Amino acid sequence: MAEVMVHDEHHYTATGLDSWKVGFWAFIGSECLFFGTLIATYLTYKGSSVQGPYPHEVLDIPLTTISTFVLLMSSLSMVLALDGVQRGSKKLALVWLGGVIALGLVFLGFQAYEFTHFVHEGLTIPRNLFGSSFFVLTGFHGAHVTVGVIWMATLFILALRDRLPPAKALNVEIAGLYWHFVDIVWIVIFVLIYLIQ
Amino acid sequence: MTTETEHGGGHASVGFYWMIGGILAVLTAMEVAVFYMALGRVEAPLLLTLSAAKFAIVVMFFMHLRFDSRIFTGLFVTGLVLATFVISALYLLYQVLPNYAV
Amino acid sequence: MYFVMSLIWFFVGGTEALIIRMQLWKAEQSLISAELYNQLFTMHGTTMIFLVAMPMAVAFFNYLVPLQIGARDVAFPRLNALSFWIFFFGGVFLNASWLVGAAPNASWVGYANLTSTTYSPGPNVDFWVIGLSILGVSSILGAVNFITTIVNLRAPGMRLMRMPLFSWMTFVTSFVLVTAMPVIAVALVLLAFDRFFSANFFVPMAGGDPVLWQHLFWIFGHPEVYILILPSFGMISDIIPAFSRKPLFGYPVMVYAGALIGFIGWGVWSHHMFTSGLGPIADSFFVASTMIIAIPTGVKIFNWIATMWGGAIRFTTSMLFAIGLLAVFTVGGLSGVMHASAPVDLQQHDTYFVVAHFHYVIVGGVMMGIFAAFYFWFPKVTGRLMSERLGKLHFWTSLVGFNLLFFPMHFSGLYGMPRRTWTYSAALGVDLFNQLSTIGGFVFGLSAVIWVWNIVRSARRGEIAGADPWGAATLEWSIPSPPPHYNFGRLPEVRTREPLWHEDEKRDVEAATLFEPDVEPEMPGPSHWPIFVALGTAGTWALVMTGVWWVPLLGLVFTGFGVFMWAFEDPFAHVGEHHG
């Protein structure tokens, strides 16, 4: 049999999938465990606080419903941004990436408000188990959102400088995977911490 | 086999994404409604189901897992299954088992 | 680089062990203080697991997986460099604690609430928490890299069920790593928050439960031991067939058993907690799951034996270590099954019986596999063979030393000698066992010196190896030793599990792999940013020690800068120069 040559070796993959996407989904699998363990810790200690404030005294459902809604809509904005980049529309890319950033910042604003309000009410990390587990869990989530906002801002600037053509859509797709993941973690947090008390 | 970056405008239209967004908003509204309705023992399972639906919808459609290679699904589900396991195991050990202390 | 670094740590951890052994020579001795003793056994365990066993395996993953699957490099070469440098800085940070006389001292498992600031007020545990957190990042990133490499960069025809078993076990290990490390990451975060920010996670007065630490630690810790052993299982699964001149017996079963071990390993963790008062229901569950996991492991042992059965066996040093693993690991596995019974474990827990068990499986299992692999693949990496004479001396010295060191511990343990205590009562009557162990320790240490002597001598004056000195079957043996930096001339296409053992296939594969291109394939150039980001990552964590909340943020900015520069760097920017 004649010698075999792999065509276009530079882009050869065994699956036809992009390596960055494969790696990123593996990373997301890992992050599931990270947040899963933080959530497990919260649930373990539910009802064990020796002194207040207790969840039902401070958790503000109407407010958090709005911030949850905001985060969900930011995911919508994200897919629309990806769609815009894939279609080569700089305008759509900027509008919807801007949307993700804006909505992300609004979410963070709500979180900041909530945290300061709780501290006012006497809920701090050292105060009780609820304070410890709540702030660590939602704090890490907020930190992830912050990283996401910085990431989106970078993409926004790239798009502004015409450096985000359809060929680079994968960058936006992966940023999107990150952003949606942060959103689904919040979906779980919202139901387990806020709604089921 | 085409690489992922070449699939052009994607399988879904912009209108489809707006619809998904709308569904997510409605599901959230339903969750909050259930919360305020104080339905007793049905509340928790109902809330879990609604949020699971939201979770699945974002993963399948926004993260495109429904239409992408099953390899991605495998990578994600591995993490998800183990995370669910850890949460369930600790929940059982700390919140359920003590009620059955021998 | 991974290997050299972990070899250095091997001698550091070994020295720590020998000092321990000298202290334990006689009952009620005080050669060293109790505090120093605590630091020694803590660092010995932490070093051997995180800075030796794991990185040595990673060294092999790094070098061999691309060669075995027919790829030019791993999927993310710069991420690979990052993983190494984070490991480097993490190890240095952890051991820097010795320099300030405050090495971690709460054992490698760091149980709460001994690790609280109340009972461990100094910086010792801080070093431990931060050091391990840094190292965890390295492992997770590495695992992502290898999962992607194996999924995506296999050569044409290299279906998953045709991969050499070492690459398969790397694949399974990477999955376990990527899922188990986040759990200990969280445990360390919780402990860090308790220590630095007065959280209540393990504070009983606030309702916290120290046993939660045990759960979280062992949910990571048990999969961790499979992370340790599966690579070695993979290594001997490639070595034994080569030296039996026979394909691996039951290849699919070996793959499934390995995957099953990795998976079931998630369900057994509380067998480390039988004395923590979980109650009979929880205990029974974990007894059952722990006994079940012995089954796929046993299957593997039988398959290795069956591979040798009827084969043309050559007792090279590598093969001796591989067979040694089978024997010694089985002993360790048997004592493990004994522990699996909760009532029996109530007597064995926290005694030297457990120390015997895990050293048999880790040193006898993991390290023997690594020794076997080293002798097997050294010729490929360096182009020279190791001395068989010195190798056999290494083997026999280590086998004798090892057994002399650890076998008596079964006895001293059953006679009640407790772990992790700086001295023991003369009334126990276990002095003789301890003396045998100490002698054995020095003999084993000597064997390690012989090994390094063999390495140094062979690297300089060893016999030239050629591409395939062992007549082995898999792709890495189809290219020159050492390989060109682009690995393969052209990516080959494979048709079977043993490409080099089928004449037609061998011809076709070598036509591709040995092809010498006029223009070398483009390989990404070196980059400064991985080491920069590694320094930033380790540094940010280290700055947490200052206790000032905004100082680590500066480290974060530094790291972020590095990440940005990295992201916008073009790894192929240098390539244009070649074609000029």
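Which residues of chain C fall into domain 1 and which into domain 2? The domain assignment places 2-516 in domain 1 and 517-580 in domain 2, where the domain bounds come from an automatic or database domain assignment. This is a predicted model, in which local features need pLDDT of at least 70 and side-chain atom pairs count only at pLDDT 80 or more, while totals for chains, interfaces and linings use all residues. Residues are numbered from 1 along each chain as its sequence is written, and chains are lettered from A and ligands numbered from 1 in the order in which they are written.

**The two domains of chain C**

- The C-alpha centres of domain 1 and domain 2 of chain C are 29 Å apart.
- Between these domains, 23 residues of domain 1 of chain C are in contact with 20 residues of domain 2 of chain C, a contact being two residues whose C-beta atoms, placed from the backbone, lie within 7 Å.
- On the side of domain 1 of chain C that touches domain 2 of chain C, α3 (77-99) and α4 (124-152) of chain C each supply at least two residues, and the largest share, 9 residues, comes from α3(C).
- Helices (H or I, at least four residues) and strands (E, at least two) are DSSP runs, numbered from the N terminus.
- By class, that side of domain 1 of chain C has 14 nonpolar, 4 polar and 5 charged residues, with Ala, Val, Leu, Ile, Met, Phe, Trp, Tyr, Cys and Pro counted as nonpolar, Asp, Glu, Lys and Arg as charged, and the others, Gly among them, as polar.

**Chain A against chain B**

- The contact between these chains takes 44 residues from chain A and 42 residues from chain B.
- On the side of chain A that touches chain B, the elements giving two or more residues are α1 (19-44), α3 (61-86) and α6 (169-195) of chain A, and α1(A) gives the largest share, 15 residues.
- The side of chain A that touches chain B divides into 26 nonpolar, 12 polar and 6 charged residues.
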